[in-house]
Amino acid sequence: MKIPVTLNGTKTILDAHADESLMKVLHKNGCISVKSGCSSGFCGSCTILLDDHPAASCKIPAGIVRNSDIVTLDYFTKTEEYSIIMAGFQKAGIKLCGYCTAGKVFSAYQILKSPKMPKREEIADYVKALSPCCTDLETLVNGILYSVQIFNKRQMRG
């Protein structure tokens, strides 16, 4: 089946079976940041932005993404938001392992986009299911809060 999408800013056609996982299709199309992990949608290793919302690509059948906008970590690393998130993570002392990076970064991005300042408890609840392989929950929450602070300071100057 031919599936038209915008992948990392470029209109393209994905060739896949309708029930094939989007994770596998993206990986076959050279998106190396989309990793296979738990295959249950919790670890974060296969997370992408699907129409600007974090999604576990291992749980999404390729057939339902027709005309969607898909962004992988490969592409997102070139954005200002990524730089802000990484600055917040660095301030918190987070050293990402590479396995679960997409889940943590895209979760932080979703929180960064929120029009209101998130509470610590809300952030913790949002990210608690992500893989704890390279950082603990408290440190991750701190990194996201630092990212929000950096983002808000840049918004005020702009």
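Here are some notes on this predicted model, point by point.

1. Let's start with the main core. The largest nonpolar core holds 26 residues, and F76, I85, F89 and I144 have the most contacts inside it. Helix 2 (73–76), helix 3 (80–92), helix 4 (101–112), helix 5 (120–127) and helix 6 (137–157) are the elements that each give two or more residues to this core. Helix 4 supplies the largest share, with seven residues. As general background, nonpolar side chains tend to be buried together in soluble globular proteins.

2. Not counting residues up to four places away in sequence, F76 touches L49, V71, E81, Y82, I85, V105, F106 and Y109. Another core lies apart from the largest one; this one has 21 residues, and V5, V34, A56 and V65 are among them.

3. Next, the packing of helix 4 against helix 5. A pair of packed helices is described by the angle between the axes and the distance between them. Here the angle is about 145° and the axes of helix 4 and helix 5 are 11 Å apart. The crossing of helix 4 past helix 5 is right-handed. On the helix 4 side the contact involves S107, Q110 and I111, which meet I123, Y126 and V127 of helix 5. By type, the residues of this contact are four nonpolar, two polar and no charged.

4. T139 is another buried residue that is worth a click. T139 belongs to helix 6, and its relative accessibility of 18% is under 20%, so T139 counts as buried. Setting aside neighbours within four places in sequence, its contacts are A92 and I94.

5. Now the cysteines. Searching the whole structure turns up zero disulfides. C100 itself is buried, at 0% relative accessibility.

6. Finally, two backbone points to check. Most residues other than glycine have a negative phi. N8, which is not a glycine, has a positive phi of about 55°, and N67, also not a glycine, has a positive phi of about 65°. N8 is in the loop between strand 1 (2–7) and strand 2 (10–15), while N67 is in the loop between strand 4 (53–56) and strand 5 (69–71). Buried or exposed? N8 is buried, at 15% relative accessibility, whereas N67 is exposed, at 61%.

How values were computed: Residues are numbered from 1 along each chain as its sequence is written. This is a predicted model: local features need pLDDT of at least 70, side-chain atom pairs count only at pLDDT 80 or more; totals for chains, interfaces and linings use all residues. Side-chain values use heavy atoms; hydrogens and water are left out. A nonpolar core is a set of buried Ala, Val, Leu, Ile, Met, Phe, Trp, Tyr and Cys residues joined through side-chain atoms within 4.5 Å. Buried means under 20% relative accessible area, exposed over 50%, partly exposed in between (1.4 Å probe, protein chains only). Helices (H or I, at least four residues) and strands (E, at least two) are DSSP runs, numbered from the N terminus. Contact means heavy atoms within 4.5 Å. Axes are lines fitted to C-alpha atoms, for helices over the stretch in contact, and angles run from 0 to 180 degrees between N-to-C directions. A crossing is left-handed if the near helix is turned anticlockwise from the far one by less than a right angle, and right-handed if clockwise. Ala, Val, Leu, Ile, Met, Phe, Trp, Tyr, Cys and Pro count as nonpolar, Asp, Glu, Lys and Arg as charged, and the others, Gly among them, as polar. A disulfide is a pair of cysteine sulfur atoms within 2.5 Å.
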